[in-house]
Amino acid sequence: MLIEIKDLYKNYVMGELEVPALMDINVQIAKNEYVAIMGPSGSGKSTLMNILGCLDTPTAGQYMFNGVDVSQLDDDALSAMRNREIGFIFQNFNLLPKLTALQNVELPLVYAGANKHERHEKAIQALQKVGLADRMSHKPTELSGGQRQRVAIARALVSKPGILLADEPTGALDSKTGVEIMALFDELQREGNTIIVITHEQEIADYAHRTIFIKDGRIHSDTPNKKRNF
Amino acid sequence: MQYEENIRVALRALIDHKFRSFLTMLGIIFGVASVITMLSIGEGAKREAIAKYQDLGVNNIIIREKKLSDQELEEVRAKFSPGLSLQDASVIKEIVPGVIYTSSQSELSTDVKYTDKSAKSTVIGITPEFVNIMNYKTGQGEFIGEKHYDAALRVCVLGAGVARTLFGSENSIGKMVKIGDQWFEVSGVLQSKTLFTETVGELAARDLNNDIYIPLSTFLNRFTHENMLASQIQQITVQVASSERLVEASTLINGILQRHHFNNEDYNIVIPFELLRQEEKERQIYNFLLGAIAAISLVVGGIGIMNIMLATVMERTREIGIRRAIGARKSDIMSQFVTEAVAISITGGIIGVILGVTLSLSVSLFTDIKTVIPLYSVLVAFGFSVIVGISFGYLPAKNAANLKPIESIRYE
Ligand SMILES: Nc1ncnc2c1ncn2[C@@H]1O[C@H](COP(=O)(O)OP(=O)(O)OP(=O)(O)O)[C@@H](O)[C@H]1O
Ligand SMILES: [Mg+2]
């Protein structure tokens with residue numbers, strides 16, 4: 001199993017109060033799976049995704065990634081995980097506004113210690129993959145929303161991580177552009193990537209092979225997607 | 001993360017906020033500039049002092065007759081003091097250990113003439129040892145030597161200033177000049193000497209370039225002092241083997257002279273090296289004050305940097321979050337922001353060095369104060385600005401590194 005989550009809890013501390021955001025989560029996700037996470041607003045989808053992406057830590061429970069107990073890792077090791085094993089795609093892209101598309105895509109490789117030449121090569125490849133080879137020297141503000149998200153995807157892909165995590169990747173895009181992005185995810189999945197996508201839209205979730213439904217911090221249902229035929 | 005990348009990011013941040021960065025740098029700029037300017041003034045003064053004392057000889061003890069009024073002179077003669085004499089010189093050389101040379105000189109202010117030109121000058125009668133003690137060099141011709149002295153020849157060596165006044169660009173060697181009412185043949189002309197613009201101990205300031213040197217034997221034969229009671233010679237210069245022996249030798253010399261002059265204090269003993277040391281000590285106070293000013297201005301500059309870096313970190317919380325999310329370690333963020341602080345302080349340091357150098361050059365150009373910029377001052381000022389950048393950039397960078405990735409990426 002690529003991901004194994006056992007009895008996971010997450011509470012947010014707000015002053016005196018502990019607000020439970022996730023309770024009793026048990027999930028297993030295999031390599032090359034394509035999973036959609038759905039649920040009402042405030043149900044804890046992003047909270048779960050942040051834990052999966054090693055951006056946040058659970059209050060209790062176990063998270064095994066590729067056989068490694070993530071809760072045992074120190075900050076540097078978590079950074080390395082984020083850098084090499086996980087590609088994170090955000091709803092609002094989170095590109096650095098002063099860097100060009102190419103520089104944004106190169107950034108994970110900078111922290112991986114790759115040399116300039118290697119960075120360049122790989123970043124260009126990643127941009128080609130998302131169909132943006134002709135926009136490399138554009139700044140994020142000079143790109144459309146869909147293009148920005150493609151740059152963000154290229155950045156997530158560039159260090160060839162085992163898994164792509166996308167928190168509402170189409171949330172800020174119109175539906176046509178959203179469909180294009182999903183088609184790209186489809187292709188990436190076929191090439192062997194593991195993909196987890198949070199979405200509100202059934203249309204988007206339909207691309208996935210499995211849907212996990214979260215409600216009030218608990219897993220409400222976890223079902224294979226019958227509309228898809230593999 | 002590669003260092004080069006850090007520097008690139010830091011320089012871009014600096015250029016993106018030119019005006020803000022410049023304001024931040026001001027403290028460092030003024031700190032560094034003032035250190036360099038003040039050090040250059042101090043160094044200029046030091047060089048001048050050293051040159052001045054070097055002319056007098058660092059291993060020398062100078063015994064000069066005290067300037068006395070006619071009445072005082074009568075008094076000391078009545079108390080049996082013969083005044084400074086050649087005999088004093090030979091006793092000193094015989095008795096005082098460590099003395100290698102003594103040179104006696106007698107002086108007279110007089111006019112010197114060549115054709116229709118005339119100059120006011122001091123004629124100095126010297127012994128051949130003079131040349132061993134003072135490193136005077138002739139520009140042309142030769143200096144007074146044994147042969148001139150032993151035969152009491154009427155030859156003279158002109159200071160560069162007198163030579164210029166009397167001869168202009170004309171060759172003076174072998175020409176006859178009239179010193180007082182005596183004719184002398186010019187045997188040499190001295191190289192130009194630095195002006196003796198300050199009084200050193202008991203030695204009055206004067207322009208050495210206007211002196212004329214003749215053999216002391218000739219002097220004593222040909223010239224008489226106006227006052228019949230004047231001493232035979234005006235100065236004895238004693239050279240000891242090393243500067244460590246100066247104090248001991250001068251104590252002994254004083255004892256001898258007291259005895260020979262029957263306890264009449266009609267002479268002064270000046271040790272140029274001791275005066276130099278004393279001046280150096282005074283300069284240390286100046287240097288200490290300077291150091292304090294520099295430290296304060298650099299600390300103020302550092303606080304400015306810390307302030308702006310704290311604001312920068314706040315402002316760029318999201319950027320930090322994004323970098324952390326894609327794999328930057330704490331140490332990467334840390335070094336990024338320290339590099340930024342150092343970039344600001346180094347740039348400030350460079351501008352400060354340029355400003356400081358410009359200032360000290362202008363001081364030297366537009367005032368009488370001589371300045372010399374010692375290389376170490378540039379290095380020290382620069383080194384300190386780097387240290388300030390690192391130490392005051394540390395805390396903000398630490399704050400940046402310790403931000404939680406998930407919280408900072410959500411920061412609005
Ligand atoms: N930093 C935080 N501090 C305190 N409470 C938080 C924090 N982040 C999230 N929560 C709470 O945790 C719960 C889950 O939030 P989460 O962001 O995971 O929801 P979500 O399912 O992603 O919602 P949406 O679909 O609107 O994005 C919410 O009740 C939210 O108020
Ligand atoms: Mg969410």
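This is a predicted model: local features need pLDDT of at least 70, side-chain atom pairs count only at pLDDT 80 or more; totals for chains, interfaces and linings use all residues.

Residues are numbered from 1 along each chain as its sequence is written, chains are lettered from A and ligands numbered from 1 in the order in which they are written, and side-chain values use heavy atoms, with hydrogens and water left out.

**Exercise 1.** Determine how α1(B) and α2(B) pack.

Step 1. The axes of α1 (residues 3–16) and α2 (residues 18–56) of chain B lie 5 Å apart, at an angle of about 100°.

Step 2. The two helices, α1(B) and α2(B), are therefore roughly perpendicular (angles of 65 to 115 degrees).

Step 3. From α1(B), the residues B:A13, B:L14, B:I15 and B:D16 meet B:K18, B:S21 and B:M25 of α2(B) (contact means heavy atoms within 4.5 Å).

Step 4. Four residues of this contact between α1(B) and α2(B) are nonpolar, one is polar and two are charged.

**Exercise 2.** Identify the buried and exposed residues of α9(B).

Step 1. Buried in α9(B) are B:L246, B:A249, B:S250, B:I253, B:I256 and B:L257 (under 20% relative accessible area; exposed is over 50%, with a 1.4 Å probe and protein chains only).

Step 2. The buried residues of α9(B) fall within an arc of 125° seen down the axis, so they line one face of the helix.

Step 3. On the other side of α9(B), B:T251 and B:R259 are exposed.

Note on methods. Axes are lines fitted to C-alpha atoms, for helices over the stretch in contact, and angles run from 0 to 180 degrees between N-to-C directions. Helices (H or I, at least four residues) and strands (E, at least two) are DSSP runs, numbered from the N terminus. Angles under 35 degrees count as roughly parallel, over 145 as roughly antiparallel, 65 to 115 as roughly perpendicular and the rest as oblique. Ala, Val, Leu, Ile, Met, Phe, Trp, Tyr, Cys and Pro count as nonpolar, Asp, Glu, Lys and Arg as charged, and the others, Gly among them, as polar. The arc is that of the directions from the helix axis to the C-beta atoms.
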